[in-house]
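Please look over the sequence and the model shown here.

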Amino acid sequence: GIGPGPFAGMMLADHGARVIRVARVGALDLQGRDVLTRNREVVEIDTKTPEGVAQVRALVKEADGLFEGFRPRVMERMGLGPDVLLADNPKLVYGRMTGWGQEGPLSQAAGHDLNYIAITGALHAIGRRGERPVVPLNLVGDFGGGGMLLVTGILAALLEASRSGQGQVIDVAMVDGTAQLMWMMQGFQQMGTWNAEERESNLLDGAAHFYDTYECADGKYVAVGAIEPQFYAELMTRAEISDPQFAAQHDVTQWPDLKQKLAAVLMTKTRDEWDQIMSGSDACFAPGLTMQEATEYSANIERAVY
């Protein structure tokens with residue numbers, strides 16, 4: 001109810017839906033201070049009273065969908081479970097957002113993003129070799145595996161309801177969504193082409209010299225992602241690298257040496273100098289911007305990203 005639910009509401013509202021937020025009476029209203037609650041109408045309803053429950057049911061009778069972020073069976077105890085609301089409105093799409101799912105041994109346990117992604121292997125996979133897993137903000141569980149999956153499920157169910165006239169329950173768990181985000185790596189691992197036991201030992205987890213971050217002369221960072229041979233060649237050309245060892249791009253045994261050599265090259269200039277050299281090219285190169293810098297970056301300004 002703090003991260004993925006409001007995020008799903010933001011996504012739906014930004015895409016043109018009319019979203020009404022039902023808030024507790026007297027609750028601190030973050031509207032205007034929390035960007036995730038933008039574009040939302042707010043009504044305060046005391047759902048612990050019969051009158052409040054009736055108000056919610058009246059709203060839902062006219063709605064295409066509803067979603068909630070409580071622990072399992074909280075809505076049922078309020079008299080607002082899917083059986084009640086789908087009886088009132090058979091076309092209703094009823095979205096449920098939890099961490100562990102509606103059922104199962106963990107369903108009633110508290111948790112946060114970090115806990116949910118931990119049991120999917122996602123947390124273990126992110127970080128440097130020999131070090132602790134890195135906390136990837138709450139992007140993976142809350143927003144990617146949670147809010148985005150909820151929006152996808154709601155939109156699919158709305159499409160179905162528009163054709164069949166039949167609503168349904170969308171049960172979204174951040175564990176499930178994170179597992180879906182990991183399917184490519186899981187597939188590689190099951191085919192024997194991904195080392196799932198040791199971080200920073202695979203093509204896409206920072207082991208390859210051509211897919212990693214590097215420090216520059218000013219202490220700032222750049223991101224290099226030149227996987228394809230033609231893009232790798234562009235990187236070599238623009239960085240003025242002629243060392244023949246770099247021709248062995250996909251020789252895993254040489255990656256550590258090549259990473260040290262590339263790090264030394266990139267340390268010769270500042271981040272912004274490298275950005276000028278690489279910008280707009282096929283070198284698959286980008287400056288590592290701070291959140292504030294990102295709002296001031298010319299490409300983002302031209303695209304009105306923020």
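## Basis

This is a predicted model, in which local features need pLDDT of at least 70, side-chain atom pairs count only at pLDDT 80 or more, and totals for chains, interfaces and linings use all residues. Residues are numbered from 1 along each chain as its sequence is written, and side-chain values use heavy atoms, with hydrogens and water left out.

## Second largest pocket

The second largest pocket has a volume of about 710 Å³. A pocket here is an open set of points on a 1 Å grid over the protein atoms alone, with protein on both sides within 12 Å along at least five of seven lines. Volume is the space filled by probe spheres set on the points, and grid points are joined across faces, edges and corners.

Lining residues have an atom within 4 Å of a point. This pocket has 22 of them, and A125, I126, G127, L204 and D205 lie nearest its centre. α6 (122-125), α7 (139-164), β6 (211-215) and β7 (221-225) each supply at least two lining residues. β6 gives the most, with 3 residues. Helices (H or I, at least four residues) and strands (E, at least two) are DSSP runs, numbered from the N terminus.

The lining has 16 nonpolar, 3 polar and 3 charged residues. Ala, Val, Leu, Ile, Met, Phe, Trp, Tyr, Cys and Pro count as nonpolar, Asp, Glu, Lys and Arg as charged, and the others, Gly among them, as polar.

## Cavity

A search of the whole structure finds 1 cavity of 30 Å³ or more. A cavity is a set of grid points where a 1.4 Å probe fits but cannot get out. The largest cavity holds about 40 Å³ of space.

Its lining consists of H124, A125, W194, N195, A196, E197, E198, R199, N202 and D205. By class, these are 3 nonpolar, 3 polar and 4 charged.

## Helix packing

α1 (residues 4-14) packs on α7 at about 50 degrees, with the axes 8 Å apart. Axes are lines fitted to C-alpha atoms, for helices over the stretch in contact, and angles run from 0 to 180 degrees between N-to-C directions. The angle makes α1 oblique to α7. Under 35 degrees counts as roughly parallel, over 145 as roughly antiparallel, 65 to 115 as roughly perpendicular and the rest as oblique. Contact (heavy atoms within 4.5 Å) involves P4, F7, A8, M11 and L12 of α1 and D142, F143, G146, G147, M148, L150, V151, I154 and L155 of α7. This contact has 11 nonpolar, 2 polar and 1 charged residues.

The axes of α7 and α8 (residues 174-181) come within 8 Å and cross at roughly 95 degrees. That makes α7 roughly perpendicular to α8. V140, G141, D142, G144, G145, G146 and L149 of α7 meet M174, G177, T178, Q180 and L181 of α8. The class count here is 4 nonpolar, 7 polar and 1 charged.

## Positive phi

Most residues other than glycine have a negative phi. N39 is not a glycine, yet its phi is positive, about 60 degrees. N39 sits in the loop between β1 (19-23) and β2 (40-44).

A304, also not a glycine, has a positive phi of about 55 degrees. A304 is found in the segment after α14 (298-302).
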